[in-house]
Amino acid sequence: MKLFDYMHEIKGVLLVCFSGGLFFTLVLAAFGVSAAQLILLWMCFCLILFSTLVCCWQKKRRRLSYLRDTFGVLEPKYLMAEIADAPDSALEQVYFHMLQRALKSMADQVASSQRQTREYQEFLEQWVHEIKLPVTGIELLCENNKTDVTRRILAQTQRIGQDVEKVLFYARLGVAEKDYLIREISLRECVMNVLTRNKQLLIENNVSVHTENLSHKVYSDSRWVSFLLTQLISNSLKYKSARPLVLDFASRDADGYVELSVTDNGVGIRQSELPRIFDKGFVGSNGRGAGAATRMGAATGMGAATGMGLYLCAQLCERLGIGIRAESEWKRSTSICLYFPKDQTVMTQN
């Protein structure tokens with residue numbers, strides 16, 4: 001707080017002081033006090049008033065500085081009333097008491113909300129693990145009794161498995177870093193495992209896959225990298241064109257990183273929409289058309305777009321220390337590139 005600001009704050013008090021001084025000056029002048037004596041009295045009055053004003057201003061400034069510094073380093077902020085100095089004036093005591101009650105009410109609501117969120121997350125994770133059992137059972141039944149019908153059922157079951165994994169990751173989004181196991185993994189093995197788990201879905205959609213240029217190893221979590229690749233495959237299936245879909249997986253060295261690219265020959269992404277594809281809920285012109293979504297869902301078994309797949313990929317990449325970038329040519333191809341740091345310490349720090 002500046003001195004001028006403090007003087008502006010107490011301008012009423014200063015006005016009363018100077019009005020009183022002027023009144024008594026006139027009274028003293030009426031009783032014959034000389035001008036020199038009146039000037040001396042005014043000098044003493046101003047000196048006392050200014051000294052008192054500066055002392056009060058310094059005290060208030062130190063208190064405000066302490067409160068600002070304390071609030072700046074305090075986490076969470078709503079505990080401020082618990083550690084602040086006791087109020088000086090009666091007015092501050094009233095405000096302080098009201099603030100304590102308000103912040104206590106908010107802290108209770110925050111604790112209640114956190115408890116409900118934790119219970120919901122635990123329930124959701126438990127449900128995901130339980131739903132995996134019948135899904136796995138359906139897959140085994142279809143594998144042991146292969147017909148055209150069971151193959152289509154198996155493709156849809158694999159899609160359910162993808163959505164279940166998406167729900168699990170979204171539920172763990174806030175604490176996903178506790179579920180990481182960073183180690184050296186082979187990109188080829190990771191890609192092949194993902195393709196194997198989704199083979200029936202790929203077969204149903206007549207997808208050609210190229211994996212010739214996969215020779216690098218990186219440090220990351222194989223489970224969540226598999227989740228990333230599954231989401232990218234799912235996106236390619238949703239936005240495939242009338243041509244037979246071709247997926248190309250390739251890795252290469254790229255300035256201290258290992259780049260893994262997933263390229264398809266689908267409908268592509270408009271350049272104006274490319275910067276927003278990792279935003280939560282963004283579906284773009286490809287996923288917005290109801291007719292197109294219905295036809296694509298019937299053709300691929302993937303349903304309409306939700307705008308969550310690439311958002312979850314971006315969030316997971318941020319936590320794993322993986323860079324992600326998209327390139328696309330409208331109505332020709334889309335390429336999603338993942339950048340894995342070569343240094344293991346970069347991964348473990350994230």
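**Close-up views of a predicted model**

**View A. Leu201 sits in helix H8, which covers residues 199-204.** This is a predicted model, as are all the views that follow. Is Leu201 buried or exposed? With a relative accessibility of 2%, Leu201 counts as buried, because the cut-off for that class is under 20%. Look for Leu154 as well: 47 residues separate Leu201 and Leu154 in sequence, while their C-alpha atoms are 7.7 Å apart in space.

**View B. Helix H9 spans residues 222-238 and includes Gln231.** From first C-alpha to last, the 17 residues of H9 reach 24 Å, close to the 24 Å expected at 1.5 Å a residue. Of these 17 residues, 15 are buried, so H9 is largely enclosed by the rest of the structure. Gln231 is buried, and its relative accessible area is 2%. Which residues does Gln231 touch, leaving aside those up to four places away in sequence? They are Gln162, Lys166, Gly309 and Cys313. At the N-terminal end of H9, the cap is Asp221, with a side-chain oxygen 3.0 Å from the backbone nitrogen of Arg223.

**View C. Helix H5 runs through residues 90-144 and carries Val94.** H5 has 55 residues and extends 81 Å between its first and last C-alpha, close to the 81 Å expected at 1.5 Å a residue. Its buried residues are Phe96, Leu103, Leu124, Glu125, Val128, Val135 and Cys142. What covers them? The cover includes helix H4 (80-83) and helix H6 (148-171). Val94 is partly exposed, at 46% relative accessibility. Together with Leu91, Tyr95 and Met98, Val94 makes a nonpolar surface patch of about 440 Å².

View D. Side chains of opposite charge can pair when their charged atoms come close. Asp148 counts as exposed at 53% relative accessibility, whereas Arg151 counts as partly exposed at 33%. Because they are four residues apart in H6, about one helical turn separates Arg159 and Asp163. Arg159 is partly exposed at 24% relative accessibility, and Asp163 is partly exposed at 34%.

**View E. Glu327 and Arg325 join their side chains in a salt bridge.** How many salt bridges does the structure hold? There are nine, and the one between Glu327 and Arg325 has an N to O distance of 2.2 Å. Glu327 is partly exposed, with a relative accessible area of 37%. Arg325 is also partly exposed, with 33%.

View F. Most residues other than glycine have a negative phi. Where is Asp255 found? It occupies the loop between strand E4 (246-254) and strand E5 (257-264), and it is exposed, with a relative accessible area of 78%. Lys331 has its place in the loop between strand E6 (323-329) and strand E7 (333-341). Lys331 is exposed too, with a relative accessible area of 57%.

Technical notes:
Residues numbered from 1 in each chain as written. Predicted model: local features only at pLDDT ≥ 70, side-chain atom pairs only at ≥ 80, totals over all residues. Heavy atoms only, no water. Patch = residues over 30% accessible without salt bridge, like charges linked within 9 Å, V, L, I, M, F, W, Y side chains within 5 Å. Areas by Shrake-Rupley, 256 points an atom, 1.4 Å probe, with all protein chains shown as cover. Salt bridge = Lys/Arg side-chain N within 4 Å of Asp/Glu carboxyl O. Helix = DSSP H or I, 4+ residues; strand = E, 2+ residues; numbered from the N terminus. Buried < 20%, exposed > 50% of the residue type's maximum accessible area, 1.4 Å probe, protein only. Contact = heavy atoms within 4.5 Å. Expected span 1.5 Å × (residues − 1). Polar contact = N/O pair within 3.5 Å; in protein donor to acceptor, adjacent residues only side chain to side chain.
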